[in-house]
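Subject: Structure handover

Hi,

Here is the structure we talked about. Please load it first, then read my notes below.

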Amino acid sequence: MPLEPATLAPPSDASRDYLWTLNFGPQHPATHTTLRLILKLEGERVVGATPDIGYLHSGFEKIGEKLDYNQYVTVTDRMNYISPMANNVAWHHAVETLMGITPTSRCQYLRVIICELARISDHLLSVGAMGLDVGAFTFFLYGFYQREKIYDIFESLCGARFTNSYTRVGGVMHDITPVTIEKIREFLRDFPRTLADMERLLNRNRIFVDRTKGVGVLTKEQAISRSASGPVARASGVPRDLRRDEPYLAYGDFDFQVCCATAGDCFARYYVRLAEIRESLKIVQQALENLPAGPVNVGIDERAVLPDKQQVYQTIEGTITHFELLMWNRGFEVPHDECYAATEAPNGELGFYLVGDGSHVAYRARCRPPSFIHFALFPHLIHGHTLSDVVAVLGSLNIIAAELDR
Amino acid sequence: MNRPHEVAQAILSRCQGATTSSFRDQCRVQVPAEHLLDVLRYVKQEAGFDLLVDITCVDYLHYRDATERFGVVYLLARTESAERLTLRVMLSEPQLELPSAVPLWEGANWMEREVYDMFGISFQGHPDLRRILMPEAFTAHPLRKDYPLQGRGERHNFPVLTRAEA
């Protein structure tokens with residue numbers, strides 16, 4: 001039975017029954033994904049919003065109790081599908097934390113590069129779609145053209161444009177090739193011009209600024225109390241960035257700024273995202289030029305990555321590792337314990353709470369999705385603003401329903 | 001500087017029956033359900049763990065050496081110094097009730113709704129404890145270990161709505 005909007009909206013007292021109830025979504029061009037809002041309107045002003053989610057719930061956490069630590073990476077692709085690489089890295093970062101494996105430094109640098117490219121891609125879509133929703137169509141196309149370049153890089157890196165599934169426990173699918181490195185260099189060379197164009201298009205655009213400044217203000221206290229993270233929290237003046245605060249992978253080696261704003265409105269969130277793109281470019285540049293030589297996967301002693309064929313055929317350790325990893329009753333060595341590991345995904349803190357039970361499948365694979373936490377902010381942010389601001393606030397939060405509902 | 005461990009020791013001295021453990025440099029404290037709200041208030045207001053990162057739950061039905069069924073996990077962090085602390089409360093049927101953390105953190109609202117939806121643990125004092133991901137008419141709690149991965153609750157179990165009925 002589809003739910004009636006009236007049952008979801010908070011009951012209004014008799015004196016306020018002149019309020020309009022408006023059903024927004026789940027299929028609406030400006031929600032971008034399947035999410036639904038029940039809005040209570042007083043004229044054009046939103047006085048109450050009730051999000052109704054779950055339309056895209058596909059039981060990802062339940063599937064995590066069925067697929068093994070390498071197979072599940074395909075599911076993480078489908079969580080935040082506009083930056084799947086960042087999800088892959090987040091998942092295997094958590095798995096490696098649980099198993100106590102440290103990836104090789106080449107692998108760490110490689111993961112940093114793909115994470116930051118994914119962040120650029122995610123931010124381009126997020127600010128682009130926000131611009132589109134408030135009427136800046138050119139800006140959106142500029143962003144999407146550059147996202148296409150990043151997809152090309154990922155395609156040459158791992159063969160898939162969209163659902164990459166690039167990482168593995170203890171390593172990555174295969175090493176980066178000179179062709180890909182050249183493609184990334186080309187992107188680093190060309191992209192700053194487009195970024196400068198994009199900044200010039202909207203940063204001081206009267207219409208855009210009027211539509212976003214002072215809209216959907218999240219104060220610093222509220223951001224902390226409501227568990228915001230990532231660009232949303234940083235736009236409200238919470239200087240928290242896991243890349244700097246808990247330097248996972250190789251983030252400690254790079255020089256970059258944590259971008260913050262204090263206004264906490266839609267414009268600040270847009271601005272922080274654009275500024276972060278510049279910082280990400282700096283990180284990619286540094287990581288690419290200092291990419292360490294050496295193996296990309298951990299060695300056979302860790303018993304996590306399948307050894308190459310030469311090792312399998314010519315060394316006894318290689319043969320044993322190969323058998324151990326492939327036999328159904330062996331697989332990974334996982335401690336009988338639980339841990340939480342988080343990464344700074346483009347959208348905020350993306351963490352996995354993993355419970356290992358000694359088998360090659362997680363006993364529980366909880367995902368801490370930033371979109372879920374941020375969508376809970378929405379009724380608070382939209383209160384008192386007009387109906388046309390709904391899309392601006394939604395766009396600035398960058399809600400991805402696949403990650404929201406999982 | 002080892003602040004999470006100091007906080008853990010402080011919790012141990014404040015509340016009877018708490019235990020602490022550590023794994024991969026993560027400090028964890030297990031507290032009895034009746035002390036949960038006191039401990040949460042203490043870690044937020046006095047120890048400065050002001051950010052509630054996540055609330056989740058684990059069903060230990062088939063877990064080796066587990067004595068109680070559910071473990072509700074509170075992941076906390078300090079925004080100032082990037083330290084983390086994990087609190088866990090063990091629960092068994094039929095006492096599946098916990099005090100809500102919404103008075104302390106507004107962000108707990110949806111997290112607790114999700115735990116309620118997926119595991120059936122009810123939070124006392126929650127302003128709006130409804131299912132969040134599953135439909136209202138759903139009766140089971142799908143992330144419990146006794147809920148099968150395939151079969152029950154799938155598409156073919158639901159009535160097909162025709163255009164005339166909708």
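Which hand does the crossing of α4(A) and α5(A) have? It is left-handed. Bear in mind that this is a predicted model.

**The α4/α5 pair**

Helix α4 of chain A covers residues 84-99, and helix α5 of chain A covers residues 105-133. Their axes come within 7 Å. They cross at roughly 140 degrees. The two helices are therefore oblique to each other. On the α4(A) side, the contact is made by A:M85, A:A86 and A:V89. On the α5(A) side, the residues are A:R111, A:I114, A:C115, A:L117, A:A118 and A:R119. By class, this contact has seven nonpolar residues and two charged ones, with no polar residue.

**The sheet**

Helix α4(A) also lies across β6 and β7 of chain A. It runs at about 150 degrees to β6(A). These strands belong to an open sheet of three, in the order β6-β7-β8, with antiparallel pairing. β6 (338-345) and β8 (364-368) of chain A stand at the edges. Each has a single partner strand, so one side of each is left without a neighbour in the sheet. From one strand to the next, the twist averages 15 degrees.

β6(A) pairs with β7(A), residues 348-355, over eight bridges. The sense is antiparallel. As for a specific pair, A:T343 has A:L350 in β7(A) as its bridge partner.

**The α12/α17 pair**

Another helix pair in chain A is α12 (residues 266-289) with α17 (residues 389-397). They pack at an angle of about 30 degrees, and their axes are 9 Å apart. The crossing of α12(A) and α17(A) is left-handed. α12(A) contributes A:C266, A:R269 and A:Y270 to the contact. α17(A) contributes A:A392, A:V393 and A:S396. The residues of this contact divide into four nonpolar, one polar and one charged.

**Where the chains meet**

How many residues of chain B are in contact with chain A? There are 30, and they touch 36 residues of chain A. On the chain B side, the elements giving two or more residues are β3 (51-59), β4 (70-77) and α3 (108-119). The largest share, six residues, comes from β3(B). By class, the side of chain B that touches chain A has 18 nonpolar, six polar and six charged residues.

Best wishes

Technical notes:
Residues numbered from 1 in each chain as written. Chains lettered and ligands numbered in written order. Predicted model: local features only at pLDDT ≥ 70, side-chain atom pairs only at ≥ 80, totals over all residues. Pairing = 2+ DSSP bridges. Helix = DSSP H or I, 4+ residues; strand = E, 2+ residues; numbered from the N terminus. Axes fitted to C-alpha atoms, helices over the stretch in contact; angles between N-to-C directions. Contact = placed C-beta atoms within 7 Å. Parallel < 35°, antiparallel > 145°, perpendicular 65-115°, else oblique. Left-handed = near helix turned anticlockwise from the far one by under 90°. Nonpolar A, V, L, I, M, F, W, Y, C, P; charged D, E, K, R; others polar.
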